[in-house]
Amino acid sequence: MKALIYQGPGKKSLEERPTPTIQRATDAIVKIIKTTICGTDLHILKGDVPTCQPGRILGHEGVGIVDKVGEGVTTLKVGDHVLISCITSDGKCEYCKQGMYSHCLDGGWILGHKIDGTQAEYVRIPHADNSLYKLPQGIDYNAIVMLSDILPTGFECGVLNGQIQPGNTVAIVGAGPIGLAALLTAQFYSPSQIIMIDPDHHRLEVAKRLGATAIVNNKNENAVNAVMELTNKRGVDTAIEAVGIPETFVLCEDIVTAGGTIANIGVHGTKADLHLERLWSHNITITTRLVDTVTTSMLLKIVMANKINPTLLISHQFTFDKIIQAYDTFSNAADTKALKVIIDT
Ligand SMILES: [Zn+2]
Ligand SMILES: [Zn+2]
């Protein structure tokens, strides 16, 4: 089969690999129909994720057809169409029982990281019963691929952790796919304002179409002043960090109002300043989380009921033989206006 291989920092290749086989009774082999590229894959390619070794097949998102099942798999059969969760979980360890699948003692984020991933024609999924979601046929799989990672991530790490309430004010720093996924799912709770902050004009325009009540281009204007202007000098009840650099985390500290919450989603590679000299007395909550994908079933129902349309997050579509071109497009988003790119196998 063909697969996209991480070859060490800055290097990747499309290569022929053996088709994966069942290793444990709880495994399934899934034939990929659609996959996508994540910002996290770019972090790996930059060398930011040393736990991902050269030779690894990348990718942790996708939709496919069950091709083989181990004898311990009880809820899925060959031919079932499935959504692949970016988080692998056994559903029975101490952390899983707390709903913290991301820290599963025999799983977590391993796909396309510590084991071979979904940017291939086939993938082995451990703990298939708990890590795959059976899909009805005839639904738009482009929309469903957005449920592998970005929608649960935006919702769990941004919206739920951010404790968004009806009438509240929200700012989302970063209008990439994850920030936009937070924007889509924040609207379940009817906040009165959702202010999107990003230096990219195109992404802000997309955010407007997806329901942002105001946009702030922090390349051209001072984002703190702009948010204060928009909120009667109060700041926002929830500030969602969806970038992952020190400046944007500090921006959240500067715009959160007393009693508010800073919900971090960004993948941080370096330390960020925490201004306790100002925040200690402001009743602020700061949250962090790796997506647990415990809301995937709920989000699946919402997408199938057409309550939100995640295909609005998709900018490009490629066939699998053009995956290198898909990476080039996705990694040059400022020029290509890329959001999520779909890859059809
Ligand atoms: Zn991802
Ligand atoms: Zn577990």
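Trainee: Which residues is Ala 171 in contact with, leaving aside its neighbours within four places in sequence?

Mentor: In this predicted model, Ala 171 is in contact with Ile 195, Ile 197, Val 227, Val 236, Ala 239 and Ile 255.

Trainee: And what's its bridge partner in E11?

Mentor: Ala 239 is the bridge partner of Ala 171 there. The two strands involved, E8 (residues 169–173) and E11 (residues 236–241), pair in the parallel sense over four bridges.

Trainee: What order do the strands take in that open sheet?

Mentor: The order is E10-E9-E8-E11-E12-E13, six strands with parallel pairing.

Trainee: Which strands stand at the edges?

Mentor: Strand E10 (214–217) and strand E13 (285–287) do. Each has a single partner strand, so one side of each is left without a neighbour in the sheet. As for the twist, it averages 15° from one strand to the next.

Trainee: OK, and which strands does helix H7 touch when it packs on the sheet?

Mentor: Helix H7 (residues 201–209) touches strand E9 (193–198) and E10. The direction of H7 makes about 170° with that of E10.

Trainee: Switching to the core. Which residues touch the most other members of the largest nonpolar core?

Mentor: Ala 171 turns up again, along with Val 30, Ile 172, Val 173, Leu 180, Ala 182 and Leu 183. That core has 101 residues.

Trainee: Where does the largest share of this core come from?

Mentor: From helix H6 (residues 177–186), which gives seven residues. The core also draws at least three residues from each of domain 1 (2–149 + 292–344) and domain 2 (152–287).

Trainee: How many residues of H6 are buried?

Mentor: 10 of its 10, so to speak a mostly covered helix. Among them are Pro 177, Gly 179 and Thr 185. The buried residues of H6 pack against H5, E8, E9, H7, E11 and E15.

Trainee: What about the domains, how far apart do their C-alpha centres lie?

Mentor: The centres of domain 1 and domain 2 lie 27 Å apart. The contact takes 19 residues from domain 1 and 15 residues from domain 2.

Trainee: Which helices each supply at least two residues of the side of domain 1 that touches domain 2?

Mentor: Helix H1 (39–46) and H11 each do that. H1 gives the most to that side of domain 1, with three residues.

Trainee: Let's stay on H11 then. Which of its residues are buried?

Mentor: In helix H11 (residues 296–304), the buried ones are Thr 296, Leu 299, Leu 300 and Val 303. They sit on the same side of H11 because they cover an arc of only 105° around the axis.

Trainee: And which residues are exposed on the other side of H11?

Mentor: Ser 297, Met 298 and Lys 301 are exposed there.

Trainee: What do the buried residues of H11 pack against?

Mentor: Strand E7 (132–134), helix H4 (141–145) and helix H5 (150–160).

Trainee: What phi does Gln 163 have?

Mentor: A positive phi of about 50°, although Gln 163 is not a glycine. You'll find Gln 163 in the loop between H5 and E8.

Trainee: Why does Gln 163 count as partly exposed?

Mentor: Because Gln 163 has 15 C-beta neighbours inside 10 Å, and a residue needs 20 or more to be buried, or 12 or fewer to be exposed.

Trainee: Where is Lys 337 found?

Mentor: Lys 337 is in the loop between H13 and E15. Lys 337 is not a glycine, but has a positive phi of about 60°. With 16 other C-beta atoms within 10 Å, Lys 337 is partly exposed.

Trainee: Last one, helix H12. Which of its residues are buried?

Mentor: In helix H12 (residues 323–331), Ile 323, Ala 326, Tyr 327 and Phe 330 are buried. These residues cover an arc of only 100° around the axis, so they are on the same side of H12.

Trainee: What covers the buried residues of H12?

Mentor: The cover includes strand E1 (2–6), strand E2 (12–16), strand E14 (314–319), helix H13 (333–336) and strand E15 (340–344).

Technical notes
Residues numbered from 1 in each chain as written. Chains lettered and ligands numbered in written order. Predicted model: local features only at pLDDT ≥ 70, side-chain atom pairs only at ≥ 80, totals over all residues. Arc of directions from axis to C-beta. Contact = placed C-beta atoms within 7 Å. Core = buried A, V, L, I, M, F, W, Y, C linked by C-beta atoms within 7 Å. Domains from an automatic or database assignment. Pairing = 2+ DSSP bridges. Axes fitted to C-alpha atoms, helices over the stretch in contact; angles between N-to-C directions.
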